[in-house]
Amino acid sequence: MSAGLKHSTSVSSLASMDKGTNNEDITLSSLHSHYSRRTSANMVLGPGGPSSGYQSHVRPENRQRQTDMTMERMDYDDDKRQRSQAKTKRKKRRNMITANLSGTRYDVIRQMVEHIGFSVAKDDDPTCFLIWNDSFVSTEKISDLKPYQRINHFPGMGEVTRKDNLARNMMKMAKAVPEEYNFVPRTWILPSDYNIIQNYMKDLKAHKKSKTFIVKPSNGAQGHGISLYKNLEKIPAQEHFIVQEYVEKPLLMDGYKFDLRIYVLITSCDPLRVFLFNDGLVRMSTEKYLPPAENNISHLFMHLTNYSVNKHNEFYEKGASLDAGSKRSIKSFNEYLRRNDYDVALLWRNISDMIVKTLIVAEPHILHAYRMCRPGAPAVGDSVCFEVLGFDVLIDRKLRPWLLEINRSPSFGTDEKIDFDIKSALIEDTIRLLNIKMSDKKKNMTAQKLEAQKRLFRPSKRVSDTADMTEYDKKRASIERRKDELKELLSRVKKAGSREEYENRNRGRFIRIFPSDDKVRQGKYIHLLEAAYSTFMSGRATSMHKEIQLIYNNKLKESDIMDMIAECESDEQQGRLSFEGKRVAGTRGPKPLASMPSSDQFPGTDREEDEEESESASPPSSPYHRGSRSRPGSVNSRLSNNRTPSIMGSRPNSGMVQPGGRPMSSVGPGQSRSLSRQAGGQKLTNIQRSNVDDNFLTNVIREREEELVRRTLQALNDMRIKFPGKSDQEADTILDKLYENWKFHKPRIASYWLVKLDSIKRRKVIDIVRSNVRAVLQRTWRVTDVDSLPVYRMFSRVFNRLLWSHGQGLWNCFASSGNQASWETIFSKSSDTVDEVELNCCRRIVQLCKDCLLIVYQFAAEAKNASQGGDRENEAQVTQRSESKPSLIPPNTQTMSQRYSKLYARTESTS
Ligand code: ADP
């Protein structure tokens, strides 16, 4: 069909070129030289055979068909050529770093991406290495990214980029550390602070003082909707605005007010790394500045410095150079300051200090949101998010910087040369600093595989097991734990070292401002970070304080940590030697996983051989491996190879085959038996071991993982939401009744869930199920760190979907009908494959959340009824009355939270 359309179009267009009678012939003959092969092919096919005078013998009625056939052939060949060209291009692109720029309108980004040597994808390709979006991106999109990808926004950044959020968070921080957070002009948020503002005005009047205020839309930009007020009594009470004290004495240049657009890059939030670009824009107003008075208060060209406002003034000067006109460079501004004897270094120290302090306020929010999106991401991995922020800073006459606002999508428009010069350098340096490498993709796949294998062969670390442990096992477990921590620290330190090295070589015009090289400053920032966590995440403050010390204040060097690991290993060996003889028959230790060789099955005589095996089997890049290899011949390196191979980062083969040559006791059916037979009590040579097929291993791992998912599903199916004071059966009956009379209950439950409960409480309801699911995973998969399980990552996506739009996601699940529930699209859109059992687990989780909501609702309703009536008669009446009303919700929030905690305690798995 399309071919037909295409060829008729070709013919008509060719015909229109020449209206002569022989137009087809003429056209064809002119094309003949280009397409001689095609024409001859056509001649063979023609009715007259391959004769030179073929065309003159063609009957007129056949001539059109003949032409069409030729054109068809040409189109076909064109298509073929295009396809092969596309294929070559695709192939070429496959070997290039790709960028998805479909979400940005700025050409300078495309130019810089190509300048660096990346290939720009034609469409919205979600698998590109680099994704650049002008607007903010959904958390789902960030969750779906593979670790080698980078996207230019962090989740949670709105906490400092929306004007009202910035004001609220700054106020909270100013309460905790007032002397450090005094760089934002005093701000109030409307409508909530309306009365406070009115009282403040009265106070000013009483003291015969006058001030100017600037009122801005909470989520505004580019100067839209901004006005200045002398008297706040006139401001509208109901609008979503912020009111800010106006900085009345700004520093002026040539008599004009200006502000600075400063660019800041965050390459990672876990740990936080912040860079300041050493140039930017100075945006001048276009009417000479006068202190605000009634007669000039509405002169926007005088009081606002936005380019978007001032470009409309006839006096706006498009600068030909970097130090003239209405837009100038920050470099030229620095020169101006120097010429006028200002302390430029001090100003920039203060500005960078202000930026870091602001991002310290943002960090708890960003880190939390980021970890929610990327559960289980390795602590030493690269961040998938980065962000270029535009800080708008006003300088007053005392050279004090004031933070006006932060833009998460600063303009990359290049209306003027100065824009291009600064922004192109900024983008180029940003991309270079991200250190995107072609090899990341492959490396990442290998790392994921290794991680999966490591997880599967890790011994149980359940706390409850300690009761069954012998003294020896307890000690060993504690040393093991310590060693794991040290190894993680070692990886972090190594990663930090290599990252810093890369940054120093590739930072271009960026200066790193956090972490700071200045020890005193860094100490202050650590203190402020702790204060930020205490302020914004008080529940997790203690654990975060520890993490902060570990990440930002670690004083141990690589060699120190390696010594400490060596100490652990020597402790371990000594402990083993002294305990080995004392082992009493029948003493119970932690049960090893079926696939784990237990330590007492390692005959000492095989050590040499094992060491060799481990050497060849360990990935050369494994930091653990390198750590133990750095002391060749030491007790530790020998011991490390005798221990659980998977923990030591060895190839999983060594976890499958005991060092003594015996295969593990229970691997997959079929293959495991043949391996057992082959081993048959004999030792496997190294070569035999290395011949253990990778596919076989992958199969075994997959089978084991599938089995664990099946068990998870079983446990989830067995799980019930407890109704306080009622049996499971009674709870089931309540749920049945609610579902049976759904039409009746629906509006009440909707009003309860969507209106009465706030988003924190809605999250708490879903968290009841989440914490129980985590417990199930811990039990079933025998891991403490469930966040690292891919299956939990999958569940997390479901929970996030249910929490979507503050719990609207869960409510939608009640409404969805048909073959596929709405939440299931999170998987159909993703490239990850989800099998039926996994999907059933997710379905069960959704059901549990629905049940949980209904039970919480019913519980709240009953509690309210009980509190309203003493005797049964009254109770009945209340029930009747309340049934006719939509609100069955207890009004007291204090009691609500108590009830939640009761539900927490009583909700448990029956598995
Ligand atoms: P928008 O996001 O709409 O650009 P801003 O907060 O950046 O809003 O304010 C716009 C302009 O108004 C600034 O560039 C600055 O010139 C001026 N301005 C904003 N707040 C103040 C203030 N508190 N004191 C003095 N001038 C201000």
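Visitor: What covers the buried residues of α13?
Guide: This is a predicted model. In it, the cover includes β9 (252-253), β10 (256-269), β11 (272-284) and β12 (327-329). Helix α14 (344-373) and strand β13 (387-395) are also part of that cover.

Visitor: And which residues in α13 are buried?
Guide: I330, S332, F333, N334, Y336 and L337. The helix spans residues 330-339.

Visitor: What comes just after α13?
Guide: D341, with a positive phi of about 60°. D341 is not a glycine. It sits in the loop between α13 and α14.

Visitor: Is D341 buried or exposed?
Guide: Exposed, with a relative accessible area of 71%.

Visitor: Switching topic. Which peptide bonds are cis?
Guide: One joins L190 and P191, with omega about 5°. P191 is in the loop between β5 and α10 (194-206). Another joins F514 and P515, with omega about -5°. P515 is in the loop between β15 and α18 (519-536).

Visitor: You mentioned β5. What is the strand order in its sheet?
Guide: β5-β8-β6-β7. The sheet is open, has four strands and pairs them antiparallel.

Visitor: What's the twist?
Guide: It averages 25° from one strand to the next.

Visitor: How many bridges between β6 and β8?
Guide: Five, in the antiparallel sense. β6 covers residues 213-217 and β8 covers residues 241-245. I214 stands opposite Q244 in β8.

Visitor: Which helix packs on that sheet?
Guide: Helix α9, residues 163-176. It touches β5, β6 and β8. Its direction makes about 120° with that of β5.

Visitor: Now aromatics. How many pairs?
Guide: There are 21 aromatic pairs in the structure. One of them is F277 with F510: ring centres 5.2 Å apart, planes at 65°, so edge-to-face.

Visitor: Where do F277 and F510 lie?
Guide: F277 is in strand β11, and F510 is in strand β15 (residues 510-514). The pair therefore ties together parts that are 233 residues apart in sequence.

Visitor: Are F277 and F510 buried or exposed?
Guide: F277 is buried, at 2% relative accessibility. F510 is buried too, at 0%.

Visitor: What about F723 and F859?
Guide: Their ring centres are 5.8 Å apart and their planes are at 75°, so that pair is edge-to-face. F723 is in the loop between α27 (694-718) and α28 (728-740), and F859 is in helix α34 (residues 836-868). So the pair ties together parts that are 136 residues apart in sequence. F723 is buried at 2% relative accessibility, and F859 is buried with a relative accessible area of 10%.

Visitor: Which residues form an aromatic cluster?
Guide: Y106, W132, F386 and F412 form one.

Visitor: Last one: which charged side chains lie over a ring face?
Guide: K327 lies over the face of Y307, at 3.7 Å from the ring centre. R748 lies over the face of F744, at 4.1 Å from the ring centre.

How values were computed:
Residues numbered from 1 in each chain as written. Predicted model: local features only at pLDDT ≥ 70, side-chain atom pairs only at ≥ 80, totals over all residues. Heavy atoms only, no water. Pairing = 2+ DSSP bridges. Helix = DSSP H or I, 4+ residues; strand = E, 2+ residues; numbered from the N terminus. Axes fitted to C-alpha atoms, helices over the stretch in contact; angles between N-to-C directions. Contact = heavy atoms within 4.5 Å. Buried < 20%, exposed > 50% of the residue type's maximum accessible area, 1.4 Å probe, protein only. Phe/Tyr/Trp six-rings, centres within 6.5 Å; stacked < 30°, edge-to-face > 60°. Lys NZ or Arg CZ within 6 Å of the ring centre and 35° of its normal.
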